[in-house]
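Please read the following note with the sequence and the model open side by side.

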Amino acid sequence: MRAVRNTKQRQKIIDALMSLEGPATAEEIYNIASADYPALAITTVYRNLEMLVKNERVNKIIYSDATARYEYVEKDHKHGHFLVCVGCNKAFPLAECPLKVDGIKESTGFTVTGHNIEIYGYCKDCDRKNECTED
């Protein structure tokens, strides 16, 4: 992983990510960042998000509807796993990684470089709504 130079555009994208309470689409990030930096192009946002994902500064989450959402990674946290509500599209981070990758290389010869886990279902608010509408 190489060092990432922090350009003004990249910093606006990171600032937008940090201002959000949860994962957001590139378009949502663009709308926030471009309000403060009008010269920013949507293609620049996509290119920078992919570079930030590659350098483990941003998590990329693919929702069940194939929409990519992004979340800023805190310094000491390498990757995130989420519970994704299919009712309201909110993502809830898991505190711990549920996947144990220790010993995979020894048993299979496969070198793990990373992984993502998204678990889909209904949050408690959406689950209650479904209970109320069932006959």
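The points below go from the overall model to individual strands, contacts and loops.

1. Basis of the note. This is a predicted model, in which local features need pLDDT of at least 70 and side-chain atom pairs count only at pLDDT 80 or more, while totals for chains, interfaces and linings use all residues. Residues are numbered from 1 along each chain as its sequence is written, and side-chain values use heavy atoms, with hydrogens and water left out.

2. Confidence. The pLDDT, the predictor's confidence in each residue on a scale from 0 to 100, averages 85 over the protein, and 89% of the residues score at least 70. Helix α2 (residues 26–36) has the highest confidence, at a mean of 96, and helix α5 (residues 124–133) the lowest, at 78. Where pLDDT is low, the predicted coordinates should not be read in detail.

3. Overall architecture. The protein has five helices and five strands. These are DSSP runs numbered from the N terminus, with helices taken as H or I over at least four residues and strands as E over at least two. Along the sequence they follow the pattern α-α-α-β-β-β-β-α-β-α. Of the 135 residues, 31% count as buried; buried means under 20% relative accessible area, exposed over 50%, and partly exposed in between, with a 1.4 Å probe and protein chains only.

4. Strand β3 and its partners. Four of the five residues of strand β3 (residues 81–85) are buried, so this strand is largely enclosed by the rest of the structure. Two strands are said to pair if DSSP finds at least two bridges between them. Strand β3 pairs with strand β5 (residues 117–121) in the parallel sense over five bridges, and Phe82 has Glu118 of β5 as its bridge partner. With strand β4 (residues 91–93), β3 runs antiparallel and is joined by three bridges; here Val84 is partnered by Ala91. Strands β3 and β4 form a hairpin with five residues between them, and Asn89 in the turn has a positive phi of about 65°.

5. A nonpolar patch. Leu83 belongs to strand β3 and, at 35% relative accessibility, counts as partly exposed. Together with Phe92 and Ile119, Leu83 makes a nonpolar surface patch of about 240 Å². Patches are made of residues with over 30% relative accessible area and no salt bridge, joining like charges within 9 Å and nonpolar side chains (Val, Leu, Ile, Met, Phe, Trp, Tyr) within 5 Å. The areas come from the Shrake-Rupley method with a 1.4 Å probe, and for residues only the protein chains shown count as cover.

6. Cysteines. How many disulfides does the structure hold? There are zero, a disulfide being a pair of cysteine sulfur atoms within 2.5 Å. The sulfur of Cys88 has its closest cysteine sulfur in Cys85, at 3.6 Å, which is too far for a bond. Cys88 is partly exposed at 32% relative accessibility, and Cys97 is partly exposed at 22%.

7. Salt bridges. The structure holds two salt bridges, each defined as a side-chain nitrogen of Lys or Arg within 4 Å of a carboxyl oxygen of Asp or Glu. One of them joins the side chains of Asp36 and Lys12 (2.6 Å, N to O). This pair links distant parts of the chain, with Asp36 in helix α2 and Lys12 in helix α1 (residues 8–19), 24 residues apart. Lys12 is buried, with a relative accessible area of 19%. Glu50 and Lys60 also meet through their side chains in a salt bridge (3.0 Å, N to O). Glu50 lies in helix α3 (residues 42–54) and Lys60 in strand β1 (residues 58–62), so this pair ties together parts that are 10 residues apart in sequence. Glu50 is partly exposed at 33%, as is Lys60 at 27%.

8. Strand β1. Ile61 lies in strand β1 and is buried, with a relative accessible area of 1%. The C-alpha atoms of Ile61 and His81 are separated by 8.6 Å, and these residues are 20 apart along the chain.

9. Loops with positive phi. Glu56, in the loop between α3 and β1, has a positive phi near 60° in a residue other than glycine. Glu56 is partly exposed, with a relative accessible area of 35%. Ala66 counts as exposed at 62% relative accessibility.
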